[in-house]
Amino acid sequence: MADTLNNNFQNVTSQVLADLGPVLTGERDLHHTATAALQVVMSAANASTGALFRFQEKPAMLASIAASGFTMFPQTAVFPLLPKHIHAMIHATGAQRLCKERCDIFLSSTGNISSAWFRCIAPLRVRGKLVGALLLGERHGGANYSSELLAQIGHLTPYIGLAIYNHQLMSSLEERTTENLRLIASVHSFWDDALAAFAATIDVKHVHMHGHSIRVGRYAAGIAEAMGMNVAEVTEMRAAGYLHDIGKVTVDKHIFTNPGALAPAEFQEMADHTVLGHRIVSQVHFPWPSIGAVVRSHHERADGSGYPDRLRSDDLSVPVKIIAVADTFDAMLSDRSYRKGRTLGEAATELSWLAPAKLDADCVHALLVQLRRDAVRQMGPDRAWPKTSPDERTRKPFLDSSIACHISPTDIDHFVSELNRRVNHGRAYSA
Ligand SMILES: [Fe+2]
C-alpha cells in the first residue's frame, strides 16, 4: 500500500512539475496552471476539495488563485492573517493536518470562507519567505491525511511555491516598468535622454546585451535618415529602437547566459518578450504611434517566418522593418554566449543576403548607404572621392564608437549591387 502511494506520488510529482513548467519558464496565465496543479495534487491525495492561495503582504492575507470541488466558493477567497499565523506557516515542517482545534494556529476566522472546510494545509515558501498555501479538504471516503501522505504533499509544495513567486516577480517587474515609462512620458522635454537612460536598464540582463538598445536606436535613426524621413520621424525611430526590447525586463536572466541552443520552453519565454513588451507600452501614452507595433513585431520576417504573429512583409510597417534591420545588424556584430560577433564585412554581406526574403531591401540599402558614408569619412578628406562636404565631415558617424569601420566604400558598393541584382531577379534594369 505504502509503495503504491509512493509510486503514485512520484508520478504525481512529475505530473505537477510538467503542469507547472510553463509557469516556471514564462507562461503568464497563473490561474490556469494553478488550477491544473491543484487538481492533480487533489486527485493524488484523493481530496474532494482544495484551494490554492497566494500570500499578500499588505494587508497580510491569503488570497485564492484556484479552487476545486466546492459547490460554492467566492471569486476570491481570503484569510486575513495575524503575525502569529504567518510565523506558524513560515516555521511549519511540510504539510500539516487541520482540525477544529488546530485551525487557529495557521488561519484566522475572519475570512470570507471558513477554515473548517479544510483538513490539510501546506504552506508555500521560497527561500524562507511565505508565498502562499495549499489547502485540501476532506478525503473521499473520510480517510485521514496520514503522515506519509503529508510528507509527499510537502515534497510538491516548493515547486508550486516557486511558480507563484515567479509569477509575482514578473508582475511586479511589469508594473514597475510601466510606471517608470509613464513617469518619463509625463516629462516631455526629456524624452530622448530619459529614454536612452531607460534603454540602458533594459540591457542590464547580460553583458552581451549592454548598449544593445541604445545602438539599435542609433542605427534605426541612421536608416530612417538615409530613407529620407524628416526630423520628427527620425526621432521616433530612435525612440522605437531604444524601447524595442522592453519586454526583456521580465525574461529570466539565466536564458541570456545559456551557452547552448535554447530549449523550446526557453525559446518561448524569450519570444514572449515581444508580446509582453507590447502589453507594457500599450499602457503608456507616447507621442509616437509606431512604438506598439515595433515592440510587438520587430522579430517578424518578410517571408512570415518570424514571431509572434507570423506576419509577412505586406503586413509590416516601415518602422517595424527599420527596427528589424537595425536589431539584426547589432545582433550580428555582438558577441553572444554561443558565438563570437561577426566582423563588419561579414555582417554587411549577411544582411544583404537576408534581403528581401527576411529583411526589407530598402532598409538594408539605407543601412549600407550609411555604412558607406562612414567608410568614406574613414578614408580622410584627401583620399575620399567624391570629395566630402564640410557638413559631411562634422556629421556624427553612423556606427557606434565601439566598432571600427574597417571596410572600404568599394566593398559596400559591391554589396549594394548584389542586393539590387537579387531584388531585381538578376536584371540590371526592370521594365
Ligand atoms: Fe527583441
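Predicted model: local features only at pLDDT ≥ 70, side-chain atom pairs only at ≥ 80, totals over all residues.
Student: Okay, which strand is joined to β6 by 5 bridges, and which way do the two run?

Tutor: That's β1, and the two strands run antiparallel. Strand β6 covers residues 129-136.

Student: How many strands form the open sheet, and in what order?

Tutor: There are 6, and you can read them across as β3-β2-β1-β6-β5-β4, with antiparallel pairing. Now look at the two ends of that row. β3 (78-80) and β4 (96-97) each have a single partner strand, so one side of each has no neighbour in the sheet.

Student: What kinds of residues make up the lining of the largest pocket, and which helix gives the most?

Tutor: The lining divides into 13 nonpolar, 11 polar and 8 charged residues. Helix α13 gives the most, with 4 residues. α9 (253-257), α10 (264-271), α13 and α14 each supply at least two.

Student: Tyr-307 was on that list of central residues. What is the peptide bond from Tyr-307 to Pro-308 like, cis or trans?

Tutor: It is cis, with omega near 10 degrees. You'll find Pro-308 in the loop between α12 (291-297) and α13 (318-333). A cis bond also joins Ala-355 and Pro-356, where omega is about 0 degrees. Pro-356 is in the loop between α14 (344-354) and α15 (361-379).

Student: And phi? Is the phi of Arg-310 positive or negative?

Tutor: Positive, near 50 degrees, in a residue other than glycine. Arg-310 is in the loop between α12 and α13. Asn-46 has a positive phi too, near 60 degrees, and is found in the loop between α2 (30-45) and β1 (50-56).

Student: Is Arg-310 buried or exposed?

Tutor: Arg-310 counts as exposed because its relative accessible area is 58%, and the cut-off is over 50%. Asn-46, at 34%, is partly exposed.

Technical notes: Residues numbered from 1 in each chain as written. Heavy atoms only, no water. Buried < 20%, exposed > 50% of the residue type's maximum accessible area, 1.4 Å probe, protein only. 1 Å grid on protein atoms, 1.4 Å probe; cavity = no way out; pocket = protein on both sides within 12 Å on 5 of 7 lines; lining within 4 Å. Nonpolar A, V, L, I, M, F, W, Y, C, P; charged D, E, K, R; others polar. Pairing = 2+ DSSP bridges.
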